[in-house]
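This report looks at the packing of side chains in a predicted model. Please keep the sequence and the structure at hand while reading.

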Amino acid sequence: MSLQADFDRAAEDVRKLKAMPEGEELKELYGLYKQSIIGDVDIECPGMLDLKGKAKWEAWNLQKGLSKEDAMSAYISKAKELIQKYGI
C-alpha cells in the first residue's frame, strides 16, 4: 500500500475510535494531519479569545518544517497508537 493510502485509511479509522482521545493527543493528531495535507501553517494565529482556534493553530505550527511525507508517517504511527489505546 502507498503512503497516501495508508494515511487515508488511518484518517478514516481515527474517526471510528470508541472513545474520544485526550486533548493533547487530539492536538498532536490535528497538527500532523494539517501538516500532511497542507504543509507549513499558512494562516495567521487566531486571536486570544478564540481558544480552540488558537490551540489548533499552535498544534499545527509545532509541526512546521516537517515534510508532508514525514508528517503522514507520524500521523499513521499516532493513529495506530490511538487505535491500540481506544479501539475501533
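## Aromatic pairs

Y33 and Y75 form a tilted aromatic pair, with 5.8 Å from centre to centre and 55° between the planes. Because Y33 belongs to helix α2 and Y75 to helix α4, this pair ties together parts of the chain that lie 42 residues apart in sequence.

The count of aromatic pairs in the model comes to 3, and F7, Y33 and Y75 make up one aromatic cluster.

## The largest nonpolar core

The largest nonpolar core has 13 residues, among which V14 and Y75 touch the most other members. Two or more residues of this core come from each of α1 (3–14), α2 (23–37) and α4 (68–86), and α4 gives the most, with 6 residues.

When neighbours within four places in sequence are left aside, the contacts of Y75 are F7, A10, A11, V14, L29, L32, Y33 and S36. This list includes V14 and both of the other members of the aromatic cluster, F7 and Y33.

## A charge over a ring

A further arrangement involves a lysine and a tryptophan: K34 is placed over the face of W60, at 4.9 Å from the centre of the ring.

Methods
Residues are numbered from 1 along each chain as its sequence is written. This is a predicted model: local features need pLDDT of at least 70, side-chain atom pairs count only at pLDDT 80 or more; totals for chains, interfaces and linings use all residues. Side-chain values use heavy atoms; hydrogens and water are left out. A nonpolar core is a set of buried Ala, Val, Leu, Ile, Met, Phe, Trp, Tyr and Cys residues joined through side-chain atoms within 4.5 Å. Buried means under 20% relative accessible area, exposed over 50%, partly exposed in between (1.4 Å probe, protein chains only). Helices (H or I, at least four residues) and strands (E, at least two) are DSSP runs, numbered from the N terminus. Contact means heavy atoms within 4.5 Å. Rings of Phe, Tyr and Trp (its six-membered ring) pair if their centres lie within 6.5 Å; planes under 30 degrees apart count as stacked, over 60 as edge-to-face and the rest as tilted. A charge sits over a ring if NZ of Lys or CZ of Arg is within 6 Å of the ring centre and within 35 degrees of the ring normal.
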